[in-house]
Amino acid sequence: MNLSYKICTEKDLQILVEISINTFISAFEKQNDPEDFKAYIDKAFSITRLEKELLDPNVGFYFVSKDNNLVGYFKLNEKEAQTEPFGNTSVEIERIYVLNEFQGRQIGHQMLNQIIEIANQKRLTFIWLGVWEMNTSAIRFYERYGFAKFNTHPYYIGKDKQTDWLMRLDLV
């Protein structure tokens, strides 16, 4: 399956807001308190917030398409845009999502391979991410690629303090 990747620009802002909200709701709404979840969605995926992130040169949003159909997206943070201070030799995968109707087609695998390729082209030494400790299927997915847990950090959905596992893949 051939996928195409497009780095998002300000022209893509409305579509980015829509896919961000859609995929996050599909993935996590049922496991969270409705009030906390709505507060998180309103803050994390607001037009103002996503526009600011799009304009940050250390943040990259990538749309992923198959046959001209948007199937998912991912977000990479470098340098000081990372949510943890790991410096200039790493990249954080902050988001990697596939739309529900395209789940089960190995798209996530191809997206992760693309991310690894991007990191290698930039000569980065490792890729890291935070994954909710309750999201065991995602943890298993990353472990199959060689990511290993090395720490944790708090992640808030509204006022609900959750724990993310920090997982890392060394490239060198």
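First, the ground rules. The model is predicted, so to speak of local features we need pLDDT of at least 70, and side-chain atom pairs count only at pLDDT 80 or more, while totals for chains, interfaces and linings use all residues. Residues are numbered from 1 along each chain as its sequence is written, and side-chain values use heavy atoms, with hydrogens and water left out.

Helices here are DSSP runs of H or I with at least four residues, strands are runs of E with at least two, and both are numbered from the N terminus.

I start with helix α1, residues 13-28, and helix α3, residues 47-55. Their axes come within 10 Å and cross at roughly 115°. An axis is a line fitted to C-alpha atoms, for helices over the stretch in contact, and angles run from 0 to 180 degrees between N-to-C directions. On the α1 side, L13, Q14, L16, V17 and S20 meet I47, L50, E51 and L54 of α3; contact means heavy atoms within 4.5 Å. Those residues divide into 6 nonpolar, 2 polar and 1 charged. In this count Ala, Val, Leu, Ile, Met, Phe, Trp, Tyr, Cys and Pro are nonpolar, Asp, Glu, Lys and Arg are charged, and the others, Gly among them, are polar.

Next is helix α2, residues 34-44. Which of its residues are buried? They are D36, F37, Y40, I41 and A44. Seen down the axis of α2, they fall within an arc of 135°, so they line one face of the helix. The arc is taken from the directions from the helix axis to the C-beta atoms. Buried means under 20% relative accessible area, exposed means over 50%, and partly exposed is in between, with a 1.4 Å probe and protein chains only. On the other side of α2, P34, E35, K38 and K43 are exposed. The buried residues pack against α1, α3, β4 (90-98), β6 (148-157) and β7 (160-170).

Helix α5, residues 136-144, has A138, I139, F141 and Y142 as its buried residues. Viewed down the axis of α5, these fall within an arc of 160°, so they too line one face. Their cover includes β4, α4, β5 and β7. After α5 comes G146, with a positive phi near 100°.

M111, in helix α4, is buried at 0% relative accessibility. Beyond its neighbours within four places in sequence, M111 is in contact with residues including Y5, V64, F74 and Y97. E78, in strand β3, is buried as well, with a relative accessible area of 15%. The side chains of E78 and K122 are joined by a polar contact of 2.5 Å. A polar contact is a pair of N or O atoms within 3.5 Å; within protein, one must be able to donate a hydrogen and the other to accept it, and residues adjacent in sequence count only if both atoms are side-chain atoms.

Last, backbone angles. Most residues other than glycine have a negative phi. N68 has a positive phi, near 65°. N68 sits in the loop between β2 (59-66) and β3 (69-78), and is exposed at 81% relative accessible area.
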